[in-house]
Amino acid sequence: DYESVVGIDQSENALVAARKNFADDPRIRFERMDANAMTFPDASFDVVVLSNTLHHLADPVPVFREMERVLRPDGILVVNEMVADGLDEKQISHRELHHFSAAIDTASGIYHANTMSRDHIAALLGRTSRLAIAEAWDVKFPDGPEPTPEEVEQTATTVDRLLARVKDETVRAAFLERGETVK
């Protein structure tokens with residue numbers, strides 16, 4: 001149980017979606033904020049979470065310093081990150097879509113790395129956080145049904161949307177074949 005949750009992001013689009021998803025719980029709020037320079041007082045939170053963000057940070061050290069600053073002395077820091085290894089077929093498909101998105105972002109001058117192996121993430125956390133890793137585990141989801149035609153179409157639409165972000169025709173042409181492979 002919790003008294004309140006505060007989510008932060010720099011993207012207004014991400015905040016709009018998050019606010020919509022959690023509109024029915026007044027204990028949850030979202031603020032536009034840079035994780036490198038949070039406006040929260042020291043030792044504000046019992047739990048601080050970094051979720052699916054590590055691969056978006058060219059330099060994670062300032063973010064970890066801020067997370068550790070706002071964490072209470074006996075608090076818990078949770079890092080939830082997509083991994084690149086030990087995946088099933090469906091997860092590999094998602095990884096390939098994500099890596100395609102990362103390549104397009106990188107070509108557009110936006111830092112976005114591919115997902116990392118479990119060992120790479122552990123090593124990175126060991127180098128960047130002053131906290132010790134107390135526990136590490138994989139989240140396992142049960143096998144679900146095969147993707148519906150709508151879900152397959154959604155992936156294809158996502159690939160097309162990503163390609164449309166590339167304004168340079170020569171660069172877009174270089175991504176077309178890879179986009180078809182991802183589809």
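Analyst: A quick term first: a residue is buried under 20% relative accessible area, exposed over 50%, and partly exposed in between (1.4 Å probe, protein chains only). This is a predicted model, where local features need pLDDT of at least 70 and side-chain atom pairs count only at pLDDT 80 or more, while totals for chains, interfaces and linings use all residues. Residues are numbered from 1 along each chain as its sequence is written, and side-chain values use heavy atoms, leaving out hydrogens and water.

User: Thanks! How many helices and strands does the protein have?

Analyst: There are six helices and four strands, counted as DSSP runs (helices H or I with at least four residues, strands E with at least two) and numbered from the N terminus. Along the sequence they follow the pattern β-α-β-β-α-β-α-α-α-α.

User: And what box do the C-alpha atoms fill?

Analyst: Roughly 50 × 40 × 35 Å, taken along the principal axes. Of the 183 residues, 30% count as buried.

User: Let's look at helix 4. Which of its residues are buried?

Analyst: Helix 4 covers residues 118–128, and its buried residues are Ile121, Leu124, Leu125 and Thr128. They sit on the same side of helix 4 because they cover an arc of only 100° around the axis, judged by the directions from the helix axis to the C-beta atoms.

User: Which exposed residues are on the face turned away from that buried side?

Analyst: Asp119, Gly126 and Arg127 are the exposed residues there.

User: What do the buried ones pack against?

Analyst: Helix 2 (61–70) and strand 4 (71–80). That packing is a matter of contacts, meaning heavy atoms within 4.5 Å.

User: Tell me about Thr128. What does it touch?

Analyst: Leaving out residues up to four places away in sequence, Thr128 touches Pro60, Val61, Phe64 and Arg65. Thr128 counts as buried because its relative accessibility is 4%. A polar atom of the Thr128 side chain also lies 2.8 Å from the backbone oxygen of Leu124, within the polar contact limit (a pair of N or O atoms within 3.5 Å; within protein, one must be able to donate a hydrogen and the other to accept it, and residues adjacent in sequence count only if both atoms are side-chain atoms).

User: Switching topic: where is His98?

Analyst: His98 is in helix 3, which runs over residues 89–107.

User: Buried or exposed, and why?

Analyst: His98 is buried, because its relative accessible area is 11%.

User: Which residues is His98 in contact with?

Analyst: Setting aside neighbours within four places in sequence, the list is His55, Met82, His112, Ala113 and Thr115. With His112 there is also a polar contact of 2.9 Å between the two side chains. Lys20, by comparison, is 78 residues from His98 in sequence and 24 Å from it in space, C-alpha to C-alpha.

User: One last thing. What is phi near in Ala43?

Analyst: Near 50°, a positive value in a residue other than glycine. Ala43 lies in the loop between strand 2 (28–32) and strand 3, and is partly exposed because its relative accessible area is 32%.

User: What about phi of Asn52?

Analyst: Phi of Asn52 is near 50°, again a positive value in a residue other than glycine. Asn52 belongs to the loop between strand 3 and helix 2. With a relative accessible area of 32%, Asn52 is partly exposed.

User: And how much do residues 24 or more positions apart contribute to the contacts?

Analyst: They account for 66% of the contacts with a separation of 6 or more.
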